[in-house]
Amino acid sequence: MAPGKKGIIERLNAGEVVIGDGGFVFALEKRGYVKAGPWTPEATVTHPEAVRQLHREFLRAGSNVMQAFTFYASDDKLENRGQTLSITGVQVNEAACDLAREVANEGDALVAGGVCQTPSYLSCKSETEVKGIFKKQLAVFAKKNVDFLIAEYFEHVEEAEWAVQVLKTSGKPVAASLCIGPEGDMHGVSPGECAVRLVKAGAQIVGVNCHFDPMTCVKAVKLMKEGVEKAGLKAHYMVQPLAFHTPDCNCQGFIDLPEFPFALEPRILTRWDMHKYAREAYEAGIKFIGGCCGYEPYHIRAVAEELAVERGVMPPGSDKHGMWGAGLEMHTKPWVRARARRDYWEHLLPASGRPTCASLSTPEGWGVTKGHTDLLQHKEATSTQEMRHVLEKQKKAKSSA
């Protein structure tokens with residue numbers, strides 16, 4: 001950590017608002033640097049300029065945390081489903097830390113190293129084997145001296161506990177973030193109980209990320225907060241949701257939506273939706289506020305602008321954005337100039353422009369999770385027989401829905 005920079009816990013203890021960044025895998029997939037399906041971050045090695053630029057855009061938008069692009073950067077995930085592993089997990093993680101540190105040093109930002117759920121856990125590998133995967137990533141984070149650690153995107157609290165137990169051995173602050181909603185994890189453990197277990201495992205910051213829209217995620221973190229307080233424990237809270245509306249999702253979240261992952265654009269939240277989210281999260285007592293899949297820098301800028309008074313600063317990117325559309329006062333068309341006011345954008349109900357589309361979808365709820373044969377992972381590419389089985393299961397799921 002650069003001299004003079006306050007650490008993550010020091011900032012949160014002082015009541016400061018810490019703003020995270022956005023969802024790198026989705027953003028870089030759209031830019032042509034990440035492959036959908038594996039969602040692995042080899043781009044840190046193959047296209048470092050793309051990763052660096054995205055970090056820089058989030059920093060300019062107001063992010064206080066440069067989260068190293070280490071999502072799914074464990075060797076078992078890099079080798080999953082027939083991928084050719086020409087770049088090791090160590091190489092990916094080291095490059096990710098270097099890029100995050102380079103950009104963080106350009107502003108008042110911290111570097112976070114992150115681990116997430118593993119194919120090994122889904123395949124019912126032992127606690128020792130799964131922890132060994134986390135230890136391998138942690139060795140890189142220790143070598144690169146990241147500022148704090150995040151165990152994120154866990155569907156099962158048990159695996160998240162294992163991750164936290166490994167990460168806390170570093171002596172660095174640990175945050176733990178589950179990809180769950182108000183219904184709890186995939187084995188039915190409630191958000192409150194999940195949070196208690198994570199705090200007892202050693203997490204100082206707990207919350208949720210991904211899988212659900214902002215208001216759903218805030219609701220889940222509120223339940224976590226209630227559980228922690230009821231247990232007589234203390235923690236800080238974080239939330240990094242999707243930038244997609246998901247009112248029709250079940251407990252599995254947006255990956256069950258038929259639009260996932262290539263037709264989600266009609267669900268994207270506007271920058272004005274982000275203002276509401278930031279305020280809701282802040283008033284719920286959540287001080288680490290960021291985003292996940294679907295978030296672009298302008299979304300984070302909206303979060304930073306909404307909380308500018310509380311933070312005491314506007315993001316650099318606001319130089320090119322008038323608050324509540326004020327820049328439209330200079331537009332050539334008078335009816336567009338008339339939109340240069342908060343009242344207009346705060347109460348607008350955006351149209352989709354799709355006359356024949358339904359407003360909601362029917363999620364494909366297969367009802368399987370860790371321990372089910374359909375989720376056993378392997379290194380070989382999906383066979384024709386396996387694909388036929390998947391299509392048959394999909395057909396049955398749709399008919400039952």
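1. A quick word on classes before we start: Ala, Val, Leu, Ile, Met, Phe, Trp, Tyr, Cys and Pro count as nonpolar, Asp, Glu, Lys and Arg as charged, and the others, Gly among them, as polar. On that scheme, the second largest pocket is lined by nine nonpolar, five polar and six charged residues.

2. Keep in mind that this is a predicted model, where local features need pLDDT of at least 70, side-chain atom pairs count only at pLDDT 80 or more, and totals for chains, interfaces and linings use all residues. Residues are numbered from 1 along each chain as its sequence is written, and side-chain values use heavy atoms, with hydrogens and water left out.

3. Now look at His299, which sits in helix α13 (residues 297-306); helices here are DSSP runs of H or I, at least four residues, numbered from the N terminus. His299 counts as buried because its relative accessibility is 0%, the cut-off being under 20% relative accessible area with a 1.4 Å probe, protein chains only.

4. What does the side chain of His299 meet? One of its polar atoms lies 2.9 Å from the backbone oxygen of Leu269. Leu269 turns up again among the residues in contact with His299 (heavy atoms within 4.5 Å), as do Ala243, Ile268, Thr270, Met274 and Gly294, leaving aside neighbours within four places in sequence.

5. Val239 is worth a click too. Not counting residues up to four places away in sequence, Val239 touches Val208, Cys217, Val218, Val221, Tyr277, Ala281, Ile286, Phe288, Ile289 and Gly290.

Note on methods. Helix = DSSP H or I, 4+ residues; strand = E, 2+ residues; numbered from the N terminus. Buried < 20%, exposed > 50% of the residue type's maximum accessible area, 1.4 Å probe, protein only. Polar contact = N/O pair within 3.5 Å; in protein donor to acceptor, adjacent residues only side chain to side chain.
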